[in-house]
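Keep the structure open and follow along.

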Amino acid sequence: MLSGQGCADNVSGSMVGHSNEEAVIKEVIGNIYETNKMLLEIGDEVVTKLFKPSSGYKSRYRQEKEALLRMEQVDNVPRLIKSEDQKTTLFMSRLPGRSVTELSETNLSDLTNIVTQMLAAGVARHSMPVRDILVDEQGLLSLVDFERSTLRYQTWRPDWIIAKKVTQYHLSRLISQHQPQLLSSQQQRQLDNTNKVRAFLRIFKRMRTSYRQSRK
Ligand SMILES: Nc1ncnc2c1ncn2[C@@H]1O[C@H](COP(=O)(O)OP(=O)(O)O)[C@@H](O)[C@H]1O
Ligand SMILES: [Mg+2]
């Protein structure tokens, strides 16, 4: 197990961004991460995650709690130890390792394995930032942070079908950034198509913003 300070290195810089919802780290003291949205205490064995009152915090708390419950059988994700609904606080197992900037072929194959198990358990992540991927000195890879996930209720529901594709897109994107030779032709096709849609949406968003500003 790495030391607490080693883990503090996981979060560098002052922003832990989630697209538009940037979370500013207010304090990093020893093993405590404090942002405007959460307070995380990383103990030797237990991680305590308090969701602070802020937009959507109860729903993010419930998503992560339910996601962890569904993934009890999934390897290398945190185990839920205890939850305090009134205090929107989760207690989970601490996983070893620290965030890495590069992912090897083995790392990506391990990550693919976790993602396959995670989707089978009915949990689809909305993003897969590298800071949520931990690798220890022996090369053991783990995945944390499930507060932004879609849970499967029915396999045919459009929200699940889309969320699953979003997760697969983020996995393919990581593979293309770190080990592009591993991408299957199907993954490459999916990535190209999604990138085209994302580029179109970005242009559409910019046009909408400038239209709104011109009406002010
Ligand atoms: N169970 C855990 N075991 C070890 N480290 C963890 C665990 N949960 C979180 N961390 C570390 O704390 C960081 C922040 O936690 P996270 O749940 O991702 O918060 P945020 O929602 O702000 O991104 C993670 O990127 C990871 O480095
Ligand atoms: Mg995170």
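Helices (H or I, at least four residues) and strands (E, at least two) are DSSP runs, numbered from the N terminus. By that rule the 30 residues of helix 5 should span 44 Å, and its end C-alpha atoms are 44 Å apart, which agrees.

Some housekeeping. This is a predicted model, where local features need pLDDT of at least 70, side-chain atom pairs count only at pLDDT 80 or more, and totals for chains, interfaces and linings use all residues. Residues are numbered from 1 along each chain as its sequence is written, while chains are lettered from A and ligands numbered from 1 in the order in which they are written.

How far can you trust it? pLDDT is the predictor's confidence in each residue, from 0 to 100. The chain averages 87, with 86% of its residues at 70 or more. Residues 1–22 fall below 50, though this stretch still has 37 contacts in the model beyond near neighbours in sequence. Where pLDDT is low, the predicted coordinates should not be read in detail.

Overall, the chain has 5 helices and 12 strands. Of its 216 residues, 23% are buried (20 or more other C-beta atoms within 10 Å of a residue's own; 12 or fewer is exposed, in between is partly exposed, with C-beta atoms placed from the backbone). Two residues are in contact if their C-beta atoms, placed from the backbone, lie within 7 Å. Among contacts between residues at least 6 apart in sequence, 59% join residues at least 24 apart.

Axes are lines fitted to C-alpha atoms, for helices over the stretch in contact, and angles run from 0 to 180 degrees between N-to-C directions.

| Helix pair | Axes come within | Crossing angle |
|---|---|---|
| Helix 3 (105–120) and helix 4 (158–178) | 11 Å | roughly 180° |
| Helix 4 and helix 5 (185–214) | 10 Å | roughly 105° |

Helix 3 and helix 4 are therefore roughly antiparallel, while helix 4 is roughly perpendicular to helix 5. Angles under 35 degrees count as roughly parallel, over 145 as roughly antiparallel, 65 to 115 as roughly perpendicular and the rest as oblique.

(Ala, Val, Leu, Ile, Met, Phe, Trp, Tyr, Cys and Pro are nonpolar, Asp, Glu, Lys and Arg charged, and the others, Gly among them, polar.) The contact of helix 4 with helix 5 divides into 3 nonpolar, 6 polar and 1 charged.

Which elements cover the buried residues of helix 4? They include helix 3, strand 9 (123–125), strand 12 (149–151) and helix 5. Among those buried residues are Thr167, Tyr169 and Ser172.

Helix 5 itself is hardly covered, with 0 buried residues among its 30. Take Leu191, in helix 5: it counts as partly exposed because it has 19 C-beta neighbours inside 10 Å. Setting aside neighbours within four places in sequence, Leu191 touches Tyr169, Ser172, Arg173 and Ser176. Leu191 and Ser172 are 19 residues apart in sequence and 6.7 Å apart in space, C-alpha to C-alpha.

Methods:
The expected span of a helix is 1.5 Å times one less than its number of residues.
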